[in-house]
Amino acid sequence: CAQPEVIDMTSFDPSQDQTAIVSYYRGQAMDLREKAAALAESVVRYERLFGPQSDWVSGARQLSQYYAAAAQDLERLAEAHAEVARTGRQPRQ
């Protein structure tokens with residue numbers, strides 16, 4: 001019975017499966033972008049229901065912005081790992 005491969009998701013070591021890490025981070029970023037879009041739609045509905053100054057509106061808007069920013073961070077992280085996969089070298093700090 002073989003042991004499953006363990007991947008250190010934070011490692012830029014080229015010996016780790018960087019392609020798998022890239023795929024994971026891009027998938028997570030896509031999920032967060034979808035959440036951000038759904039919340040942006042909720043903002044529009046909440047504005048109609050509760051008015052533009054409602055806590056529901058500001059809360060949904062802030063959460064949508066948070067998810068969008070987190071998705072961008074994950075995309076940057078995925079790109080850094082993709083660079084390691086392409087070049088075989090760790091990124092410079």
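This is a predicted model: local features need pLDDT of at least 70, side-chain atom pairs count only at pLDDT 80 or more; totals for chains, interfaces and linings use all residues.
Residues are numbered from 1 along each chain as its sequence is written. Local features need pLDDT of at least 70, side-chain atom pairs count only at pLDDT 80 or more, totals for chains, interfaces and linings use all residues, and side-chain values use heavy atoms, leaving out hydrogens and water.

**The helix and its ends**

Helix α2 covers residues 55-87, 33 residues in total. Helices here are DSSP runs (H or I, at least four residues), numbered from the N terminus. From first C-alpha to last, α2 reaches 48 Å, close to the 48 Å expected at 1.5 Å a residue. That expected span is 1.5 Å times one less than the number of residues.

Serine 54 sits in the loop between α1 and α2. Serine 54 caps the N-terminal end of α2, with a side-chain oxygen 3.0 Å from the backbone nitrogen of tryptophan 56. Serine 54 counts as buried, at 10% relative accessibility. Buried means under 20% relative accessible area, exposed over 50%, and partly exposed in between (1.4 Å probe, protein chains only). Just after α2, glycine 88 takes a positive phi of about 75°.

**The buried side**

The buried residues of α2 include Val57, Tyr67, Leu74 and Val84. The buried residues of α2 pack against α1 (18-50). The largest nonpolar core has 16 residues, and Tyr25, Leu32, Tyr67 and Leu74 touch the most other members. Such a core is a set of buried Ala, Val, Leu, Ile, Met, Phe, Trp, Tyr and Cys residues joined through side-chain atoms within 4.5 Å. The elements giving two or more residues to this core are α1 and α2. Leucine 32 touches Tyr67, Ala70, Ala71 and Leu74, not counting residues up to four places away in sequence. Contact means heavy atoms within 4.5 Å.

**Charged pairs**

The whole structure holds seven salt bridges. Each is a side-chain nitrogen of Lys or Arg within 4 Å of a carboxyl oxygen of Asp or Glu.

| Salt bridge | N to O distance |
|---|---|
| Arginine 26 and glutamate 79 | 3.1 Å |
| Glutamate 47 and arginine 61 | 3.0 Å |
| Glutamate 83 and arginine 86 | 2.9 Å |

Arginine 26 lies in α1 and glutamate 79 in α2, so this pair ties together parts 53 residues apart in sequence. Glutamate 83 and arginine 86 are three residues apart in α2, about one helical turn. Arginine 86 is exposed at 53% relative accessibility. Salt bridges that share partners join Arg26, Arg33, Glu75, Glu79, Glu83 and Arg86 into one network.

Conventions. A polar contact is a pair of N or O atoms within 3.5 Å; within protein, one must be able to donate a hydrogen and the other to accept it, and residues adjacent in sequence count only if both atoms are side-chain atoms.
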